[in-house]
Amino acid sequence: MAKNIGILTSGGDCPGLNAAIRGIGRAAQDYFKMNVIGFRDGFRGLVQDRTLTLDSGLLSGILTLGGTILGTSRDKPHRMPIGDKEMDMTSAIVETYKRHNLDCLVCIGGGGTQKNALRLKKSDLNIITLPKTIDNDIAKTDITIGFNTALGIATEAIDRLHSTATSHHRIIVVEVMGHRAGWLALGAGLAGGADVVLIPEIPYDIEKVAKAIRNRTHAGKRFSIVTVAEGSMSIDDSKRIGRLLREKEESGKKSEKARISRKLEEFHQSHVNHTLHLTRQLEELTGLESRLTILGHLQRGGTPSTVDRILATHLGTTCVALIEKEKYGVMLAVQNNKIIPVLLEEVAGMKKLVLNDDPWLESARHVGTVFGD
Ligand code: F6P
């Protein structure tokens, strides 16, 4: 009997999702003779049984297309907004899975998706996930779909900002995505030759950053490029957050936990303008005119790079080969240039952060990049 596969994309979009959908769809239908159905808008589409028939016409021409033809959402199966409530819709998902007689559901997504996929695995569904996020912060995999493209976009932006920074003798602060992990800022900073790179993993001292820029001025360099991951924090802010998180963990009372959660939320809301504040601080401390560029969702849009097309296609086809062998409950990871299955239990809830001995970090320090620590 031909196997039936369902596919969904979940979480923030990125370039390469369509290449993965095409890889799965083509390999499944044309090579392994399986049936494939797409679910729209992440886990919500599964709850509502909204599908898309992934026939050869629809799969044609999407390899180079950004975004996802399936649509995506950040909805979680166990806490799905329904009207003005959040409800556990896991049983509706299980029903849809059974209604379509699925042999496997492929979830293409980031960190949140890995956790949701594990929950569905625990509800006895056959699941395989593919890792995607421009943040590149999924545990157990060297790289995720979307990262290489975003890295190229951020690097090109830094290259372009160099010439205008030089002409005007300015500091240009460029904010890239990455709430918890600094891979994009570090990689683009390394590739683009940023003078300062600030990442969430290394809390910074603004005085040290300003001093590094003043030293450049004394050495005759009249501009500086500061690449900042959106989740970067000063040492003081990082201590404050650390304290709040500890208090929340240690507190036994529900009301106290809720109070601390509100404080954390307030902090994150106010942190949105953090890079603008940082730019102004640097202008004040160095006396150099400063400008801020926020790359934002530009980094998630447009056509995938060559590397992402190959990666997404390879992950997609390997996934179908695994379904053929009936090996489920795993995420396909890239380790040392090989694709290997890793148990969802080993990935869900974990994050791959930039560690102190990371070779990229070391290399950046060796070429004089300042991290403000
Ligand atoms: O996909 C991850 C990510 O790109 C983060 O770096 C960023 O903070 C977040 O998504 C923003 O996503 P959205 O605006 O779509 O919620």
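The ligand lies between two domains, because domain 1 (4–145 + 304–346) and domain 2 (150–300) both give residues to the shell around it; the domain bounds come from an automatic or database domain assignment. The structure is a predicted model, in which local features need pLDDT of at least 70 and side-chain atom pairs count only at pLDDT 80 or more, while totals for chains, interfaces and linings use all residues. Residues are numbered from 1 along each chain as its sequence is written, and side-chain values use heavy atoms, with hydrogens and water left out.

The shell itself consists of Arg74, Ile134, Asp135, Met177, Gly178, His179, Glu230, His297 and Arg300; a residue is near the ligand if one of its heavy atoms lies within 4 Å of it. By class, this shell holds 2 nonpolar, 3 polar and 4 charged residues. Here Ala, Val, Leu, Ile, Met, Phe, Trp, Tyr, Cys and Pro count as nonpolar, Asp, Glu, Lys and Arg as charged, and the others, Gly among them, as polar.

A polar side-chain atom of Glu230 is 2.6 Å from an oxygen atom of the ligand. In the side chain of Arg300, an N or O atom lies 2.8 Å from a ligand oxygen atom. Gly178 takes part through a backbone N or O atom, 3.3 Å from an oxygen atom of the ligand. Taken alone, the ligand exposes 400 Å², of which the protein buries 73%; these accessible areas come from the Shrake-Rupley method with a 1.4 Å probe.

The strands come next. Strands are DSSP runs (E, at least two residues) numbered from the N terminus, and two of them pair if DSSP finds at least two bridges between them. An open sheet of 7 strands has the order 3-2-1-6-7-12-13, with mixed pairing. Strand 3 (51–53) and strand 13 (338–343) stand at its edges, each with a single partner strand, so one side of each has no neighbour in the sheet. Within this sheet, strand 7 (residues 127–131) and strand 12 (residues 330–335) run parallel and are joined by 2 bridges. Thr129 stands opposite Met331 in strand 12.

Another open sheet has 4 strands in the order 9-10-8-11, with parallel pairing. Its edges are strand 9 (196–198) and strand 11 (290–294), each with a single partner strand, so one side of each is left without a neighbour in the sheet. Strand 9 runs parallel to strand 10 (residues 224–229), and 3 bridges join them. Leu198 has Val228 in strand 10 as its bridge partner.

Note on methods. Polar contact = N/O pair within 3.5 Å; in protein donor to acceptor, adjacent residues only side chain to side chain.
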